[in-house]
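Welcome! Please take a moment to look over the sequence and the model shown here before reading on.

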Amino acid sequence: MAMQVSESDQIKQFKEFLGTYNKVTENCFMDCVKDFTTREVKPEESSCSESCLQKYLKMTQRISMRFQEYHIQQNEALAAKAGLLGQPR
């Protein structure tokens, strides 16, 4: 049973990853690719798409860091409220 839950979670995570990947790809494509008269990707389109992806990755990393900081603060507040931290000596 535990193996099924783990496998189900892995499938869910992979679906979320694919959804995010597809959304980022579509957004960057729509923002950066403007000329469909040639098969070649123009240098400015390539650099735009790379910048778009880098911006997304940096934003995701920053949100993740803030989310972790928030949870640490919440856990510390709960611990202090329960009398586990910061007791006067």
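This report walks through the disulfides and then the salt bridges.

Please keep in mind that this is a predicted model.

**Disulfides**

A disulfide is a covalent bond between the sulfur atoms of two cysteines. You will find two disulfides in this structure. Counting the bonded cysteines along the chain, the pairing pattern reads 1-4, 2-3.

Let us begin with C28 and C52, which are joined by a disulfide with an S to S distance of 1.9 Å. C28 sits in helix α1 (residues 2-32) and C52 in helix α2 (residues 43-81), so this pair ties together parts that are 24 residues apart in sequence. The torsion about the S-S bond of C28 and C52 is about -80°, so this disulfide is left-handed. Both C28 and C52 are buried.

The other disulfide is formed by C32 and C48, with their sulfur atoms 2.1 Å apart. This pair, too, links distant parts of the chain: C32 belongs to helix α1 and C48 to helix α2, 16 residues apart. With a torsion of about -70° around the S-S bond, the disulfide of C32 and C48 is left-handed.

Are C32 and C48 buried or partly exposed? C32 has a relative accessible area of 6%, and because the limit for buried is under 20%, C32 counts as buried. C48 has a relative accessible area of 27%, so C48 falls in the partly exposed range.

**Salt bridges**

Side chains of opposite charge can pair when their charged atoms come close. The structure holds two such salt bridges, and the table sets them out by their nitrogen to oxygen distances.

| Lys or Arg partner | Asp or Glu partner | N to O distance |
|---|---|---|
| K42 | D35 | 2.7 Å |
| R66 | E69 | 3.2 Å |

K42, the partner of D35, is partly exposed at 30% relative accessibility.

How far apart are R66 and E69 in helix α2? The two residues are three positions apart in helix α2, so about one helical turn separates them. R66 is partly exposed, with 43% relative accessibility. E69 is partly exposed as well, with a relative accessible area of 38%.

**Putting it together**

Definitions and conventions:
Residues are numbered from 1 along each chain as its sequence is written. This is a predicted model: local features need pLDDT of at least 70, side-chain atom pairs count only at pLDDT 80 or more; totals for chains, interfaces and linings use all residues. Side-chain values use heavy atoms; hydrogens and water are left out. A disulfide is a pair of cysteine sulfur atoms within 2.5 Å. Helices (H or I, at least four residues) and strands (E, at least two) are DSSP runs, numbered from the N terminus. Buried means under 20% relative accessible area, exposed over 50%, partly exposed in between (1.4 Å probe, protein chains only). A salt bridge is a side-chain nitrogen of Lys or Arg within 4 Å of a carboxyl oxygen of Asp or Glu.
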